[in-house]
Amino acid sequence: MKAERKRRKGLGEAQEPSPSSRLALLSTTKSGGHREMTSNAEEGRSFARRDQLLKIQSEVQKRWEEHKVFEADAGSKPPKEGEKFFGNFPYPYMNGMLHLGHAFSLSKLEFGAAYHRLCGRNVLLPFAFHCTGMPIKASADKLAREVQLYGNPPVFPSLEEDSNAEDIEEPKPENDNVAAPDKFKSKKSKAAAKSGGYKSQWEIMQSLGLSNEEIAKFQDPYCWLSYFPPLAKEDLTAFGLGCDWRRSFITTDTNPYYDSFVRWQMRKLKSLGKIVKDMRYTIYSPLDGQPCADHDRASGEGVQPQDYVLIKMEVLPPFTSKFKILEGKKVYLAAATLRPETMYGQTNAWVLPDGKYGAFEINENDVFIITQRAALNLAYQKMSRVPEKPTCLLELSGHDLIGLPLRSPLAFNEIIYSLPMLTILTDKGTGIVTSVPSDSPDDYMALQDLKSKPALRSKFGVKDEWVLPYEVIPIINIPEFGDKSAEKVCLDLKIKSQNDKDKLAEAKKLTYLKGFTDGIMLVDDFKGMKVQEAKPMIRNKLLESGDAVMYSEPEKKVMSRSGDECVVALTDQWYITYGEAEWKAKAEDCLAKMNLYYKEARNGFEHTLSWLNQWACSRSFGLGTRLPWDEQFLVESLSDSTLYMAFYTVAHLLQCGDMYGSDHSSVKPDQMTDDVWDYIFCGGPQPKSDVPVVLLNKMKQEFDYWYPFDLRVSGKDLIQNHLTFSIYNHTALLSECHWPRGFRCNGHLMLNSEKMSKSTGNFRTLRQAIEEFSSDATRFSLADAGDGMDDANFVFETSNAAILRLTKEIAWIEEVLASESTLRAGPPNTYADFVFANEINIAIKSTEQNYNKFMFREALKTGFYDLQAARDEYRLSCGPVGMNRDLLWRFMDVQTRLITPICPHYAEHVWHNALKNDGFIVNAGWPLSDAPDLTLKLANKYLQDTIVLMRKLLQKQSSNLKKAKKGVVIPTTEENKLTVGLIYVNEQFDGWKEECLRILTSKYDAETQIFAPDQEILEALKQSVVGQAANFKQIQKLCMPFLKFKKDETLSIGPQALDLKLPFGEIQVLEENCDLIKRQLGLDHIEILSATDDAARSRAGSYNSLLNQNPPSPGNPVAIFLSKLEYSTAELQIEA
């Protein structure tokens, strides 16, 4: 261990940056690549506002660190419900810099934890760094290979030098036909490697700002461990992460305390029977010489082995001259099938005419004719004469195989022939396909093509006797399709040939599933048996007779991080028994009680639990912890990361703040025995240990206080492995009271509506984003990027807009504070005051709900955007009387608190420097509020909507006045200018509308929130007073859209939509705000009038007809605008 810790000092021990230097770090050469990239685009732009935020964040972070505001310790007593919040995040892999994708997922935890801290809860947010597995070693090895091939520093060939270069020469094994799987190889020429999207590991390291001398040290994988974790910590600190860094650690045996913890976990699982040694099919990297788990893969995460039955179709002698070398051997065309029950109906075999095949030795006697890819998979499944190295005796093309006579197991036809098929894929199966035209639409159409097209037979040298005598053999009855399902569905869909791919795909969908679920066998001892029951029996019959073998390959292409294509290997190694019935039941019980936030997430976990089975937990190479009872193996990276959240609770007591677990602690790693870990985490008896009892009890107290953790935030891609593994491990090792409480999963992050990609340049590290936008503007944009499990979108313009908004808000607050003496003193007393105070209360309540639901985009809307809009509206509404001083102080206090979880540096600056408050806003408490007055909110919306409507009406009426009958424009004068407004209000529905509402009320079930059928409502309308009217048909045309509108409104806002009156007095609201309406519309005089008062209606003069054409109704006043002359004339007429 000491030797290994010395190795990671290759670049010198990582030093913690001082607080004052953190901002400077953002502009060092470590991000120099980005600085150069953006310098031209940014040239000429002012960054004063951005730099203001950067300065604020540096000052705030310095104060936070000085006062250790994010360090959290356990209380002396168990926490009450809601007293503490422990959230965590999957530790990121340390083979590069953190990017915005990391930051997006992490922001969900950071915002949530910051909200709980703001509310006064004891919050623990720790962070660690993952170094286990192959990615770091693969990158280090790649670097070493580049140095070996091209020198130190590497001198890569230029395109000009190497434009005619041959492929990089690959070492050849004794058999020239097969490449050695354990040798470095490349299919790209040197020129090709230097062009397109290829980037050498050396160039990748250069893009991080490293010198050639520094890069050379990264050939040692332990160098990565000393370099990247401290950089990540710097970036996260600059981001404003509210982390207790005392508890940070790195994985692998470099950290002896974490190493001891993982060893205990593995031994505990094994003692419980959860780890066993077994022979199983596993995705495997030939180059690495070990299983390739999800996090060891460059592509193909989540891909599992696909099992086939390999049918041995014997090639009958005598052999042609082409096959003379195979005489004396048993030669088979080996066809992979998922449907062994259909083998009775074989009429032929299919080969791809232009396909490349080989005759591969399986053992001393048997030879399989298959593709090289399939042979490589078989070689790792103990089916090759030379283990793990397929031996090809003869290279063949598909043309060589056409017409071979075959004896195939179970086939009713004693001899069948291999025939050409043009649609075979050689990256699936073996390249050899059985033909069962009774149940396979593809087989049926390909056979019909050969039968009906002599020219096609002639083209491939197919003899008539190989094809024409063979008819469809019924073997399975499907109720919907009969005994010859493929023939029927092809005729039904009018499929013309084997090239009609779309229709054939549809035909397979129709028949394959039905064949399995509903099919009845017609043959052999299985006659009358359901296909799903007969299938495993027929498979076993084939395997036991030796007529078939099992074969497995990856479901899809998988590439390891070392750069080779993976196979499926049959390996004898250590497995964790996920999927075992009793353990699975406990995992399902845990899941049922967890808060997963989204139904989609629950579906994902339930699906994973339904298929997850034994998981290979050991590896031969890479970095990590040795398997304690079998130290030739390492614990793989998805198996040492399932319970470590518990390690956070004691890490600071063991490591004394050193993430590497160096020799700073009074407790030595070897003192952390299994008995000690059991005592801390599993409620075991107090151990006989030389660890001080006080410290033992302190560690146990920390664990019991913080556990269970309340939330783990992660990308949704980890549902299928890491997160589900975590559930399993917690339920196996910890008591039920310590099982996880919640997971929140999110989608991936796009940048500016496009996929984030290094190769296209649409990419930002976290460091680059902070440098470009500041931490708070970056956090603002991450919050705005999206909630839910769909992919989110980080928009640069949103970040730039945030810079402007935050700095302008600071300036506005400073202006308000400076002009305090000009503000209206005393308690709020105007309608505008009450509305604004209510909007503040609404913002507090709705933002609290959104934070609790982890809906941060919505929290940003309700706690910032909406509150800003309310402030701006208040400023306009107050007019000459001015804004109320107390309300503005409350607004500044509340808005600052509500934005704190998202923009903490801005909030801390305003709290401390502008508002002159003591302490820190990050734990200042959630603002108190009165219950929101929803009626007042509705009234204000009515007022604002009315002003907007009246403005449009005024513009329209003014525009009409300017147009003379003959198109001559009449200039506006004082006499004809519209300066008087008459606003007519009808506060209650009457007439046919009143009757419609009474009927809807009687036909609405408030409990179920469902209306009676439309026919019943219409019948009630016909029986009503309205229905008895002579002009009912005419009225009915008005009733029907009104009824639909009110039904929809009821379903949207509730049964109050059926009230005859609004929940507030319209006339009162408008009268209280006459001054506002006049200012907004530019009027000298307005009157609020009742539309039901004849005297008031007469004041409209010649415009009275408008009230009849468009009568006012609740929520829809009608305004008529007059000039002073018109208004005076109307007054005189009334007096007369």
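**Close-up views of a predicted model**

**View 1. Two arginines sit over aromatic rings.** Arg871 lies over the face of Trp812, 4.2 Å from the ring centre. Arg779 takes up such a position over Phe239, at 5.2 Å from the centre of the ring. A charge counts as over a ring if NZ of Lys or CZ of Arg is within 6 Å of the ring centre and within 35 degrees of the ring normal. Please keep in mind that this is a predicted model, in which local features need pLDDT of at least 70 and side-chain atom pairs count only at pLDDT 80 or more, while totals for chains, interfaces and linings use all residues. Residues are numbered from 1 along each chain as its sequence is written, and side-chain values use heavy atoms, with hydrogens and water left out.

**View 2. Phe89 and Phe127 form a stacked pair.** The structure holds 68 aromatic pairs, where rings of Phe, Tyr and Trp (its six-membered ring) pair if their centres lie within 6.5 Å; planes under 30 degrees apart are stacked, over 60 edge-to-face and the rest tilted. Here the centres are 5.9 Å apart and the planes meet at 15°, so the pair is stacked. Phe89 belongs to the loop between strand E1 (84-88) and helix H5 (100-118), and Phe127, 38 residues away, to the loop between strand E2 (122-124) and helix H6 (135-150). Helices (H or I, at least four residues) and strands (E, at least two) are DSSP runs, numbered from the N terminus. Both Phe89 and Phe127 are buried, that is, under 20% relative accessible area, with exposed over 50% and partly exposed in between (1.4 Å probe, protein chains only).

**View 3. Tyr308 and Tyr551 make a tilted pair.** Their rings are 6.1 Å apart centre to centre, with 35° between the planes. Tyr308 is in strand E6 (residues 305-315) and Tyr551 in strand E17 (residues 548-554), so the pair ties together parts 243 residues apart in sequence. Both Tyr308 and Tyr551 are buried.

**View 4. Ser735 sits in a loop.** That loop runs between helix H25 (719-733) and strand E24 (743-746). With 36% relative accessibility, Ser735 is partly exposed. Pro708 is 27 residues from Ser735 in sequence, and their C-alpha atoms are 9.8 Å apart in space.
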